[in-house]
Amino acid sequence: MLDVFTITLPISGVPINVLLLVLLGVAVGVLGGFFGMGGAWMVTPALNIFGFPMPFAVGTDLCHMAGKSIISTRRHAKFGNVDAKLGLTMLAFDVVGIEIGARLVMFLERVGLAGPVIRWVYVVFLFLIGALVFYDYFKKRALDREGGTAQGGESAVRWHVTLHRINLPPIISFPVAQVRCSMWLPAMVGLLVGMLAGFLGIGGGLLMMPALVYLIGCPTYVAVGTDLFTVMLSGFYGAFTYGLKGRVELLAVIFMLLGAAPGAQIGTIATKYVRGYGIRLMFGLTVVCAMISVMLKQLGFTTPASWFVMGGVSAMTLIVVVGMVRGAARELRARRQAVV
Amino acid sequence: MVAPEFVKFFTKGEPMKPASRAHRVTSTLVLLFFLLVRLSPALCAAAAPDEGKLVHVADTRHLTGFSLFIANLYNTDRLLFTIFAVGLTAALGLVLGLLMDGIVAAIGLDLGRRRVRE
C-alpha cells in the first residue's frame, strides 16, 4: 500500500519511500532542536542504511541540515541563547575544516573506500561522544550523592578551567557565554569540528555542543543556541561545496525539510519545558542507538540497522514530544487560571 | 608630508585621516568576503583533480516535472545547480520557519521568555 509513495530520486537514482524521508526529517528535527544541533549525525547513517551511496548521504545531509538550522536558530535567537561573537570566531576556521573533510571524502570515493571508512569513523566517533556524555552524567550523580562541588547544571567535566589558562593573544571576552579566553581556543575547536563535519556530513553540532560545554565552558543553554548558529552558516558552506562536487540529492533534502520544519519547532520549544541533567543522558542514549545501527550496516545487517536507527530515534522523539505537550499544556492552563 | 595627487582627488584636497581600527577590520572582512565568493567555486572544484575524478550523470530517461528539471540542471550546469540547491534550501528553511512561528503564536505559547535553571 505504501509503495505509492516510493519514488526514484533524480540524481542518485536511489528508490526510496517519501514517507520515510519525511519521518526521518521529523525525528531529526525534534531531536536536533531539542539537543541543540542539526541532528545530522543521525541522517548520514540513516540515508546510507536506506541505500544512498556514502558521499551522497554526506552531501544531502549537510544541505538539509543547513536549511533546518535556520528554523532552529531563529527560535534560539529569540530566547537570546546565541553568542554570535563566539559563533563567528569558530566559523572562520570551521569552513576551512569542512573543505579539508570534503576533499578527503572525494578522495576515498575515488579509491572506492568511502562507505566502510566513513562508517568505521562514525562508530569510533559516536562511541567517544557517548562515553564522554555517560562519564559526565554518572560523575555528576556521584558528586551530587557525596554533596560534591558540581552545582546545579554545572558540568562535572571541567577541562575548560585548564584550557582557559592558555594566554596566547588575542584574549577575547564572549559576553553571552560569559567566557574569556584565548581566541585560538574556539578557533582550533572550529577547525577540528569543521574537518569532522566535512568528512562525516554532520553540521558539527554533535562535536561542537560538547566542545562548547566541556572545552570552552559555555552554559548548556548558550552552547545550544551558539552551536545551531554556527552549524547553520557552516552547513551552507558544506552544502555549497558538496553541491559543486555533485553529491547533493535535492529532492530528498526538500522532503526531509518538510518533516524537519515542524519537528525542529517542537524540539526547540521542548527545551523550555523539559530541562535538567537528564537531557544529557537522553542524548547519550540516542548516540548509542546511532552507533549500533552504523555497526549493523557495516556488518551487512541492513534491515536490522534500518529498524534500529528508526526505532531508537522515533522512541527518543516520542519522549521529547510528550514532555513538550505536557509542559505547554501546563503553561496554557496556568495562563488561563491567571486570567480568571 | 604632502599627500600624492590621487589621494587629494579622493579626499577632496584634505589630508587623508588614518583609518580607525573598526574601519580597517570592516574593510578586511569585506575584501575577504569578496575573495571567498570569487574564489570558492574554483577552490571547491579543485577538490578532486580531474584525473580519476568520478563523474556522476543523472539518468533523465524516466523523469518528469520537477525531478526532470533538477536532473537537467545537474547535468548541464553544476554551479547553477549548486546555487539553486543552496538558495532553495535557505528559502524553504526560512518560509517553513516563519510558518511554524505563526502556528506557535496562534496556539498561544509564549516563547519570548523562559527561566533558565542551570
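This dialogue goes through several features of a predicted model.

Colleague: How many helices and strands does chain A have?

Modeller: Helices (H or I, at least four residues) and strands (E, at least two) are DSSP runs, numbered from the N terminus. Chain A has twelve helices and four strands.

Colleague: Which residues touch the most other members of the largest nonpolar core?

Modeller: In soluble globular proteins, nonpolar side chains tend to be buried together. A nonpolar core is a set of buried Ala, Val, Leu, Ile, Met, Phe, Trp, Tyr and Cys residues joined through side-chain atoms within 4.5 Å; buried means under 20% relative accessible area, exposed over 50%, partly exposed in between (1.4 Å probe, protein chains only). Here the core has 120 residues, and A:Leu24, A:Trp41, A:Phe52, A:Ile118 and A:Ile216 touch the most other members. Helix α9 (residues 220-244) of chain A gives the most to this core, twelve residues.

Colleague: Is A:Ser12 buried or exposed?

Modeller: A:Ser12 counts as buried because its relative accessibility is 16%. The residue lies in the loop between β1 (6-8) and β2 (15-17) of chain A. Contact means heavy atoms within 4.5 Å; not counting residues up to four places away in sequence, A:Ser12 touches A:Phe56, A:Glu249 and B:His56.

Colleague: And A:Leu192, buried or exposed?

Modeller: A:Leu192 counts as exposed because its relative accessibility is 54%. Its place is in helix α7 of chain A.

Colleague: Which residues of strand β3 of chain A are on the covered face, and which on the uncovered one?

Modeller: In a regular strand the side chains alternate between the two faces of the sheet. In β3 (residues 171-174) of chain A, A:Ile172 and A:Phe174 make up the covered face, A:Ile171 and A:Ser173 the uncovered one.

Colleague: In what sense does β3(A) pair with β4(A)?

Modeller: Two strands pair if DSSP finds at least two bridges between them. β3(A) and β4 (residues 179-182) of chain A pair in the antiparallel sense over four bridges, with A:Ile171 opposite A:Ser182. Their hairpin has four residues between the strands, and A:Gln178 takes a positive phi near 55° there.

Key
Residues are numbered from 1 along each chain as its sequence is written. Chains are lettered from A and ligands numbered from 1 in the order in which they are written. This is a predicted model: local features need pLDDT of at least 70, side-chain atom pairs count only at pLDDT 80 or more; totals for chains, interfaces and linings use all residues. Side-chain values use heavy atoms; hydrogens and water are left out.
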